[in-house]
Structure formats: structure tokens, C-alpha cells
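Colleague: I would like to learn how to read the interface between two chains. Please take me through it one feature at a time.

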Amino acid sequence: MEAEAPGVPQQPVVLARRRSAGEVALRVAPIGIPYLILIVLVAIYGSLQEGVFSREELNIQTAATLTLLLVAAGQTIVILLGGIDLSVGGILSFSTALAATRFGEGGSTMAVWIALLVLIGLGAGAVNGFLIAHLRLQPFIVTLATWSIWSGAAFWVLPTEGGIVPESYVGAVNNAWVGLSVSTWLVIVLIGLWVWFRRTRLGVSIRAVGSSETAAYLSGVPTARVTIAAYALSGLFAALAALFLITQTASGSPTVGNDFILNSVAAVVIGGTSLFGGRGGLGGTVAGAFILTLIASVIFVLSISSFYAPIVTGGLLILAVLANSITDLVARRRAYR
Amino acid sequence: MRSELLRRVLSNRPILLAYAGALGLFLTTSAFSTGFASENNVRLLLVQASFIGIVALGQGFVILAGGIDLSVPWTLNGAAILLTLFANGSNAPLAWAIPLVLALGALVGLANGLGISVLGVNPIVMTLGMNVILAGGLLVYTNGSPTAAAPSHVEYLATGRLGPVPVNTLVWAALAALATIVLTWTIFGRQLYALGTNRTVALFSGIAVGRVTVITYVICGITAAFAGILLTGYTGQAYLGMGDPFLFSSVAAVAIGGASILGGSGHYLGTVAGALILTVLAGLLPILNLNTAALQIIYGLVILGTVALATLPGRQAVTR
């Protein structure tokens, strides 16, 4: 089977059998449930707060979600591969630290540093991928170690929260077109890119490796290269997330990325992507990321302490993992029957 | 009986290397800094190493059985905060407060273990989620600012001395002896190694895989809570974030001590050496004009390096 052949099976193929209602439910549930939760949350939020259903509110919520969504986009790719990337927190912190200390007055210095940050993200991710693919080390231990390394580097560059991001850079996101802000357009572009990417040779290969590395390898997928590319993309997205985050905070922080590690995994898993790899995609992750932001908004509107947000997030995450494990198990049982 | 322990330790080159490394590092640092080898500083190093060592005891059990516990930072922090709140500066409540806090630690471990082995939640997600839930819960409970000071008996436990030896070191030594006995001579110890080596084979050999897994996380919850109690005694109070460094350092100590991160090999005696190495390293940094940023980078490199070394000779088959 060629690597670019469309529709590489995500589960063992069951030929000549019509899909029963159960099978259709199994396919729809992972992506349907997060959007259902999202709709319910929007409804709750809308009933508590005036003017939720406006473009202004959409822009506000999108700006609040985009950093997480970018990190989670990278995390989606890695989890689809069957891995996990804990180092995104370190890369994100390090990138904001560099940006807040090196951008200077803006202009050409800043342009060079933006390019450098993107390259650092790609490189950091590629190193993770290399260690995992070629030394055959466990993804979580490699990225746990590089999380520590990049966090240390972030502290080195910027010991405490602060630094300055030039006004010209921060102001750039305030532009709008047809009433939609830059961040909203970025989400639309991101979804568009995904629609294209999932059909590319790399996109299909990533899901193939996630479904079964051995089968992918035997089918001629260059698994090592695919692994490196997937982690490199995750690093890249962490750096891009930092480039957006600094427009919101106008400063850097050596610890800011740590909040995004669990939340990015949570956005992916709540979005219905399986931690076993191969199943899911960015469509669900978008819902997952917005769900997490809306939970914080609803908690805020109800004027409950914001300390409750992580409790709700953590609980929802574990529930989602549980639901995924169960659908995975049911899907496998059905497939082998 | 003794030969069994000797055989295990002597046949485990990483453990011997870890002790050689700890000694070498200590001697090198002493050469650079005059006061480093002084009696007082050695005592201080032992006390500081004990915190990493005790957290790494539970972490080591979990890793040995093929899991990982990323919830140790806030289990430790929670124990410290709750103990100071319960005791409120006096010694009388300690009689029930210490057992209660240890039991709560065990409860956290039990929740982790049940989630992982019964419900089949991925260990990283389960324990990382637990860490965040605990952090949120404690922030809610303390409203962001814990206050009470550590009772004097707890301070004695962490900083007191019996003759020339710190009480804390005696406690650690007792725990190390207990861990050694459990790992070397008990059925549970053998089951741990079996489980970490090959889960399926262990299951087919009649080991209660789920129960053993749960017990490792319970042990990890208890040791993290106990380290939290000792650490409040050492610092004199509990504060938010005091557990954070222990996420990396506990895993690093286990890795340096020669335990395979895939489970199935290693011994607590190696982890003790790992804790000593990390502590001496932390003491070496100020002498070299390096700060905690460097320490984090070193933690990362050490985890990567030791894990890569341990995996290289007999490359694992496709295990991912």
C-alpha cells in the first residue's frame, strides 16, 4: 500500500458489511460529543451574560483561546502519532522569554528574532523526534527531560516575569476585517491548513504510524522521518503560540508555558482524539480548546474563584480519557468480531 | 539472605557507577570549595538529599512497575499545607494530623492507581490531571495563602540531631532499609520486577497486576506526603509551589540510580545515590556561579543521558 493512498484504514477493515447504527455512532461520537458540550456551554454562557452572540464576543473568546489552540494543534499531531509532547511548556516559556528580551524596538531586529523563534521551535521539536525515533526512547521521558531543559533556558534568559514586547508588534493583532479580528482569521486559516494537511502524504503517514507503527513501517512509511516531522511541527506550534501569547501579555514569563502542557493534552483528548494514536483530528481539538476557555469564562461570570478552573479542567480531562478508552475498546471489539 | 542483596547490587553496574559518581562529584566539589566537606555541610547535604530521596522512593516503585507519577509536586505540597493548618503551630494535634495527612497522600495514590489500572486512563494524563486538580483544590482551600508555621516536633524531625547524625538521616535510612527489604526479599518486590519487565507475562503468571499497580501509586502518595511533612519542618512553614522541583528531581534520581524508565530493573539503593548526586550538583552550582536555571537544564540532560545510556546496549524492540 502506498503511503499517500487515501483512506489508510484507522481500524481493521471490515469488508462487505453495511455500517450498523452502532458503528455510525462510534464514528460520530468522538467529534460529536465535544461540539455538543461546546454548544451547551455557549448556551449556559449566553444565558448568564448579555451580548454573547456577537462578533465582538467571538473575537474576545478567540483571542483567549488561540494560544492554547496553537499548542494543542501541535499536540494533536503528536498524539495522532501515538506519542505525547510535554516539552511544549518549556518551548513556549523559552520563546516568550526570548521575545520579551530580544525584540528591542521592533523593526528588522524583531523580524530576525521572529524567524529565529520559529526555527528554534522546529529544531527543538525535531530533537525530541530524533531521540524518540532513533534512540527508541519513550516519548514522555524524552519530552519530560526537554521540558526541564527549555524551562531552565527560559529562566536563564528571563529570571522573572517581565521584559518588553514592542508596541508595534502587540498592536498588530488589533486589526480587523469584516468585523473579525486577526485571531479569528488565524483560527479559520488553521482549520483550512488542517483540511489540506490531513490529506497530504505526511498527514496520512502520521495517522498510519499512530494506528500501528509496525504496519505503517511494513507498508513503506518512513516511520522515523514521520516521527521527527510530527514532533518538529509540535515544537513549531509551541513557538507560534508564544508569538501570539506575547501580543496578549506584552511581556515574557519563564513559567507561563507550564499551564499549557496539561491544557493542550486536555483540549486534544476532550476533542475526541485517542491517546492510543491514529484516531481524531484538529476539528475536535478546536472544540476542546474553546470548551476549556468557555469553562473559565462561565466560572468568571458566576463569580466563583478562578482557582476552580483547573479542578473542572482536570476532572473533565479524566472523564474524556475514560470515554475515549471505552469507545476505543468497543470499536476494537466490534472490529474483531 | 545477604548474598541475594549483594548479588543484586553488585551485578547492577549502574548502581555502583551511581555511588562512584556521587563520591567523585563530592570530592571534586570539595576541592573547589573549602567548606564543602565540613561536618556541618555534609549533614546539610544529607538532609537536603533526603527530601528528593524519599519522594524518589515512591516514584521508583511506580517506575519499577512500568508507570510514572507526575502528581508528586502537589501531593507533597498538599501534605505540607494541610499539616501546618491542622497543627496550627502546636505539637498536640500531630498525633492525628500526621497519620491523617499520610492517609490523604495514600488516598491520592489510590485514586491515581484505580484510575490507571481499573479505568485504563493513561498514567501521564491521570497523574498530571491529578496534579492540577490538587493544585486547584489547595488554592481554593487556602485561598491562595497558607499561613501557619510548622510545629516544633516536625522541625525536630527535619533539622534535629541525635549525636552527630541528623534525625532526618536516620528516618531516611530506616525508609531505605524498609524499601530494600521489600524490593529484595518479599513477594511484592518480585511481583514489581515481573510487572515492569512484562505486564502480559506477569498477568499470565497469576500476579494480580491491577492490585500491585495500585499499591505502587499508594506508596508513592504516602512517600510524597511524608516528604512534604519533613520539608515543612525544614523550611519552618508551608508555601505554595514548594513541591514543584520534585517532579523532575524524583524522576532524575530514579533514572540516575540505574532504574530503567521502562520498568523492570533498578533498586532503591541506586536511587539513594541518585538523590545524593542531584544534591551535590545543586551545591556545586553556586560555586560555579550558576543558578537554578542551570539546575533545571542539568536535570533534563541527566534524565536524557541516563535513559539513553540504559537503553542503548540492548535496544528495546518496538515497544511504543
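**The interface of chains A and B**

Modeller: Chain B and chain A bury about 3,800 Å² between them, with 80% of it on carbon and sulfur atoms. Buried area is the accessible area (1.4 Å probe) that two parts lose on being put together, summed over both. This is a predicted model: local features need pLDDT of at least 70, side-chain atom pairs count only at pLDDT 80 or more, and totals for chains, interfaces and linings use all residues. Residues are numbered from 1 along each chain as its sequence is written, and side-chain values use heavy atoms, with hydrogens and water left out.

Colleague: How many residues of each chain are in contact?

Modeller: Contact means heavy atoms within 4.5 Å. Here 43 residues of chain B contact 42 residues of chain A.

Colleague: How many residue pairs are in polar contact across the interface?

Modeller: A polar contact is a pair of N or O atoms within 3.5 Å; within protein, one must be able to donate a hydrogen and the other to accept it, and residues adjacent in sequence count only if both atoms are side-chain atoms. The rule finds two such residue pairs between chain B and chain A, both at pLDDT 80 or more.

Colleague: Is T146(A) buried or exposed?

Modeller: Buried means under 20% relative accessible area, exposed over 50%, and partly exposed in between (1.4 Å probe, protein chains only). T146(A) is buried, at 4%. Apart from its neighbours within four places in sequence, T146(A) contacts S87(A), N128(A) and, from chain B, L304(B).

Methods: Chains lettered and ligands numbered in written order.
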